[in-house]
Amino acid sequence: ADDDADDDADDEDDDDKDDPYIAFWEKFGKNIKLGIIEDSANRSKLTKLLRFKSNKSGEGYTSLEQYVENMKDWQKAIYFIAGESVEALTGSPFLEKVQAKD
């Protein structure tokens, strides 16, 4: 069963490379994030457009909705860390603590 989950994660990575929305996100994601801060009238609509890298999404992106659907039953909160790149954050002691909970 774990092999199937790994295959699904690989498929999601491949889907990201071919997904035109990911290309759009990589180009305009910063503007969407800024819109969430500045445009309170459209915040809920813009939130649906957000994509995030997660320690569970491999190289690909996940939406907030997808992330919440895949949360473990015991997980009550979502923790995040921001930085210049995934590579820069990989060695963070904060990330190590969160990953240890899995």
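This is a predicted model: local features need pLDDT of at least 70, side-chain atom pairs count only at pLDDT 80 or more; totals for chains, interfaces and linings use all residues.

Let me begin with I22, which at 6% relative accessibility counts as buried. In this talk, buried stands for under 20% relative accessible area, exposed for over 50%, and partly exposed for what lies in between, with a 1.4 Å probe and protein chains only. I22 lies in helix 2.

Residues are numbered from 1 along each chain as its sequence is written, and side-chain values use heavy atoms, with hydrogens and water left out.

Now to the overall layout. The chain has six helices and two strands. Helices (H or I, at least four residues) and strands (E, at least two) are DSSP runs, numbered from the N terminus. In which order do the elements run from the N terminus on? The order is α-α-α-β-β-α-α-α. Of the 102 residues in the chain, 22% are buried. The accessible surface of the chain comes to about 8,400 Å², and 52% of this belongs to carbon and sulfur atoms. Such areas come from the Shrake-Rupley method with a 1.4 Å probe; for residues, only the protein chains shown count as cover. As for contacts, meaning heavy atoms within 4.5 Å, residues 24 or more positions apart account for 32% of those in the chain with a separation of 6 or more.

How many aromatic pairs does a search of the whole structure find? The search finds two. The rings of Y21 and F24 form a tilted pair, because their centres are 5.5 Å apart and their planes stand at 40°. By the criteria used here, rings of Phe, Tyr and Trp (its six-membered ring) pair if their centres lie within 6.5 Å; planes under 30 degrees apart count as stacked, over 60 as edge-to-face and the rest as tilted. Y21 and F24 are three residues apart in helix 2 (residues 20-38), so about one helical turn separates them. F24 is partly exposed, at a relative accessible area of 35%. The rings of F24 and F28 are also tilted, since their centres lie 5.2 Å apart with the planes at 40°. F24 and F28 are four residues apart in helix 2, and therefore separated by about one helical turn. F28 is partly exposed, with a relative accessible area of 35%.

I turn next to the strands and their surroundings. K53 lies over the face of Y61, at 4.8 Å from the ring centre. For this, NZ of Lys or CZ of Arg must be within 6 Å of the ring centre and within 35 degrees of the ring normal. In the loop between strand 1 (52-53) and strand 2 (61-62) we find N55, a partly exposed residue with a relative accessible area of 39%. S63 is located in the loop between strand 2 and helix 4. Is S63 buried or exposed? At 9% relative accessibility, S63 counts as buried. Leaving aside residues up to four places away in sequence, S63 touches L50 and R51.

Which residue lies 40 residues from N55 in sequence and 8.9 Å away, C-alpha to C-alpha? That residue is L95. L95 belongs to helix 6 (residues 93-101) and is buried, with a relative accessible area of 19%. Apart from residues up to four places away in sequence, L95 touches L89 and T90.

Finally, I come to L64, in helix 4 (residues 64-69). L64 is partly exposed, at a relative accessible area of 34%. Together with F52, V68 and I78, L64 forms a nonpolar patch on the surface, with about 300 Å² of accessible area in total. Patches are made of residues with over 30% relative accessible area and no salt bridge; like charges are joined within 9 Å, and nonpolar side chains (Val, Leu, Ile, Met, Phe, Trp, Tyr) within 5 Å. A salt bridge, in turn, is a side-chain nitrogen of Lys or Arg within 4 Å of a carboxyl oxygen of Asp or Glu. Thank you for your attention.
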